[in-house]
Amino acid sequence: MEHRNSPQASTSQPSIHSASSVTDIEETEEEALCVQDVPPRGKGLVATRKIKRGELLLADKPLLILSPLSSNSTLLVALSRCSREQQQHFFSLPNSFKGRLLPAQGIFESNALLLPGSNSQHENAGVFLLASRFNSSCAPNVSKCWNPALRIMLFRTLRDVQEGEELCFNYCDVLGTREQRREDIMEERNFLCRCTVCELDDEQSKVSDERRKTISRLFDEVAACGREPTLGMRKIKKALRLLQEEHLVHYEASFYYDAFQFCIMVSDFMNAKAWIRRAWEVSCCTSGPDSDVARMFKLYWANPRAHHLAGTLPKTILCGPER
Ligand SMILES: C[S@@+](CC[C@H](N)C(=O)[O-])C[C@H]1O[C@@H](n2cnc3c(N)ncnc32)[C@H](O)[C@@H]1O
């Protein structure tokens with residue numbers, strides 16, 4: 001099975017909401033979010049209205065783009081090229097490395113986001129002024145995607161969001177247990193994660209940890225079901241149910257794509273189309289409608305027979321997605 005880890009039985013028009021131009025982005029940004037106090041996480045970004053799944057919330061340009069390993073003096077040189085207002089803004093950002101690193105470097109380490117794909121040999125990191133207010137959540141409702149051509153980071157909602165809800169993406173991998181996730185964030189960012197999932201009481205946290213462990217296991221088990229599509233589909237349905245219970249939308253596309261592959265292997269093209277449509281919808285939220293992965297899913301939605309696994313197993317009918 002080919003996995004797509006990056007990142008809705010009808011074939012009618014999709015229900016993805018996205019801004020289509022820079023003007024749309026600016027209008028959306030103005031009205032969709034604002035900075036507020038969100039104790040115990042300091043300041044954070046909060047929805048000022050209902051936001052539909054897949055909406056482009058923010059397109060933010062980095063103030064600085066540097067190597068993630070930049071020294072304090074490199075940072076000071078880069079900051080000397082910024083306006084006084086930008087420098088003040090930079091130094092007002094939180095620093096979770098106080099006493100461990102010099103101030104500019106501590107702020108950089110606390111706020112910089114990796115910019116994948118901007119340079120394959122030397123990875124870069126960017127500091128964003130508004131986007132630096134996004135806190136981390138282990139059940140994120142926002143995805144981020146760096147556009148190297150436009151040099152902007154695009155932030156989209158992964159699910160419908162209510163007015164007043166905090167908007168968060170995940171700083172670390174979220175499939176580990178609470179203990180593992182907290183260790184990862186402590187090691188990388190030097191703070192204790194106090195997102196809503198990590199703040200569950202011990203009993204609820206145990207249930208959540210078990211679900212996440214099972215989802216991780218199911219990724220491997222589904223991949224090993226190459227010649228057993230019926231068993232594979234059962235495991236996919238279980239994984240999708242657990243992902244919904246944990247509000248982990250961005251892993252859904254991988255399982256939808258696996259379900260699509262099982263269906264096309266047995267020439268069940270109707271269900272295959274329904275699954276790949278779901279994969280496409282999720283990829284529009286996680287990576288954007290113009291991303292390579294979303295384009296590939298859309299092509300298979302239009303022509304599932306184009307996939308190299310089509311018809312490689314005896315014909316049968318499997319099942320389509322729920323909802
Ligand atoms: C990029 S900033 C996010 C905005 C920040 N809360 C502020 O007040 O501007 C990262 C810092 O926010 C805090 N933070 C982010 N996510 C958190 C979480 N899940 N739990 C606790 N603190 C968090 C930590 O202090 C971290 O160093």
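Select helix α2 (residues 72-80) together with α4 (103-111) in this predicted model: the two helices pack at an angle of about 85°, with their axes 8 Å apart, and are therefore roughly perpendicular to each other. Angles of 65 to 115 degrees count as roughly perpendicular, those under 35 as roughly parallel, those over 145 as roughly antiparallel and the rest as oblique. The axes are lines fitted to C-alpha atoms, for helices over the stretch in contact, and the angles run from 0 to 180 degrees between N-to-C directions. Helices (H or I, at least four residues) and strands (E, at least two) are DSSP runs, numbered from the N terminus. Now show the side chains of N72, L75, L76 and L79 on α2 and of A104, Q105 and F108 on α4, which make the contact (C-beta atoms, placed from the backbone, within 7 Å). These residues divide into five nonpolar, two polar and no charged, where Ala, Val, Leu, Ile, Met, Phe, Trp, Tyr, Cys and Pro count as nonpolar, Asp, Glu, Lys and Arg as charged, and the others, Gly among them, as polar.

Two notes on reading the model belong here. Residues are numbered from 1 along each chain as its sequence is written. Because the model is predicted, local features need pLDDT of at least 70 and side-chain atom pairs count only at pLDDT 80 or more, whereas totals for chains, interfaces and linings use all residues.

The ligand is surrounded by 17 residues, the closest being G42, K43, S96, N135 and R194 (a residue is near if its C-beta atom, placed from the backbone, lies within 6 Å). By class, the shell holds four nonpolar, eight polar and five charged residues.

Strand β7 runs parallel to β10 (residues 166-169), to which two bridges join it, and S136 stands opposite F169 in β10. In the loop between β1 and β2, stop at P40, where the peptide bond from P39 is cis, with omega near 5°.

Next, select the open sheet of three strands, which has the order β4-β6-β5 and antiparallel pairing. Here β4 (64-66) and β5 (113-115) are the edge strands, each with a single partner, so one side of each lacks a neighbour in the sheet. Three bridges join β4 to β6 (residues 124-127), and the bridge partner of L66 in β6 is A125.

Finally, move to helix α7 (residues 229-245) and helix α8 (residues 252-265), which pack at an angle of about 160° with their axes 10 Å apart and are therefore roughly antiparallel to each other. Among the residues that meet are M233, I236 and L240 in α7 and F255, A259 and F262 in α8. The contact of α7 with α8 comprises 10 nonpolar, one polar and two charged residues.

Methods
Contact = placed C-beta atoms within 7 Å. Pairing = 2+ DSSP bridges.
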